[in-house]
Amino acid sequence: MTISDGTSTTPTNPATADAAAGDGATPLTIRPPTVDDGGAMWRVARDSGSLDLNSSYSYLLLADHFSATCRIALLGDDVVGFVTGYRLPADPSRYFLWQVAVDERARGRRLAGRLIDAVIDEQPEITSLVTTVTEDNAASRRVFRRWSEDRDATLTEVSGFEAHHFPDGHEAEPLLVIEGFRN
Ligand SMILES: CC(C)(COP(=O)(O)OP(=O)(O)OC[C@H]1O[C@@H](n2cnc3c(N)ncnc32)[C@H](O)[C@@H]1OP(=O)(O)O)[C@@H](O)C(=O)NCCC(=O)NCCS
């Protein structure tokens, strides 16, 4: 299967996505999810290999209530990636990125970064991004480092959810803070 490099982020205009794909290519599109996509997001999380799999209910909730700050990537009609998150209720200029995942078949094309772009570029009020990443998640750390570098932003790491906060032996989740990407 050929994946088009012409990722479309014009979800309401599938014709544009098809045009960007070129002959013989499967179009890759990015758009906000609807509740109908929540199940597929859960499946991508389940198959990702390293994400905490939350309840299926939580993905429906994110797709339905937090669609503006979540995105899905589709290869043809298949959901192959997503980013979930929300603006902090106490500080809506700060975006909390909860999870980002890309199916193995769509990896290697910086799709995670493009999913993050899609949220941030459409929400100019967001001026900082925070997320938690375990120490050993090299691919994820690289995604955020690269995204920050591409935007001449600063990335700092501070204490986040510590091991003792978790009731189930979960490892610590340090907090990455990315700022300055609107400069
Ligand atoms: C993290 C993830 C979303 C990235 O997917 P992607 O956008 O296709 O990422 P790419 O394959 O294009 O790689 C992005 C960067 O990470 C690097 N990378 C990829 N896998 C890596 C690994 N195992 N170790 C170190 N670096 C890695 C790539 O070299 C690339 O670096 P570059 O930008 O300097 O070239 C994907 O690996 C995934 O779904 N992982 C499981 C879920 C997860 O851990 N999510 C993050 C926690 S919320």
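Which residues does Gly113 touch, not counting residues up to four places away in sequence? Gly113 touches Val143, Arg146 and Trp147; contact means C-beta atoms, placed from the backbone, within 7 Å. The views below start from the whole chain.

This is a predicted model, in which local features need pLDDT of at least 70, side-chain atom pairs count only at pLDDT 80 or more, and totals for chains, interfaces and linings use all residues. Residues are numbered from 1 along each chain as its sequence is written.

**View 1. The chain holds 5 helices and 7 strands.** Helices (H or I, at least four residues) and strands (E, at least two) are DSSP runs, numbered from the N terminus. From that end, the elements run α-β-α-α-β-β-β-α-β-α-β-β. Of the contacts with a separation of 6 or more, 53% join residues 24 or more positions apart.

**View 2. An open sheet is formed by 7 strands.** Their order is E1-E2-E3-E4-E5-E7-E6, with mixed pairing. Strands E1 (28–31) and E6 (154–161) each have a single partner strand, so one side of each lacks a neighbour in the sheet. Neighbouring strands are turned by 25° against each other on average, direction ignored. Strands pair if DSSP finds at least two bridges between them.

**View 3. E2 (residues 71–75) pairs with E3 (residues 78–88).** The sense is antiparallel, over 5 bridges. Leu75 stands opposite Asp78 in E3.

**View 4. Helices H2 and H4 lie across strands of the sheet.** H2 (residues 38–47) lies across E2, E3 and E4 (91–102), at about 100° to E3. H4 (residues 111–121) lies across E1, E2, E3, E4 and E5 (128–132), at about 45° to E3. Axes are lines fitted to C-alpha atoms, for helices over the stretch in contact; angles run from 0 to 180 degrees between N-to-C directions.

**View 5. Gly113 lies in helix H4.** Val143 is 30 residues away along the chain, yet the two C-alpha atoms are separated by 6.5 Å.

Notes: Two residues are in contact if their C-beta atoms, placed from the backbone, lie within 7 Å.
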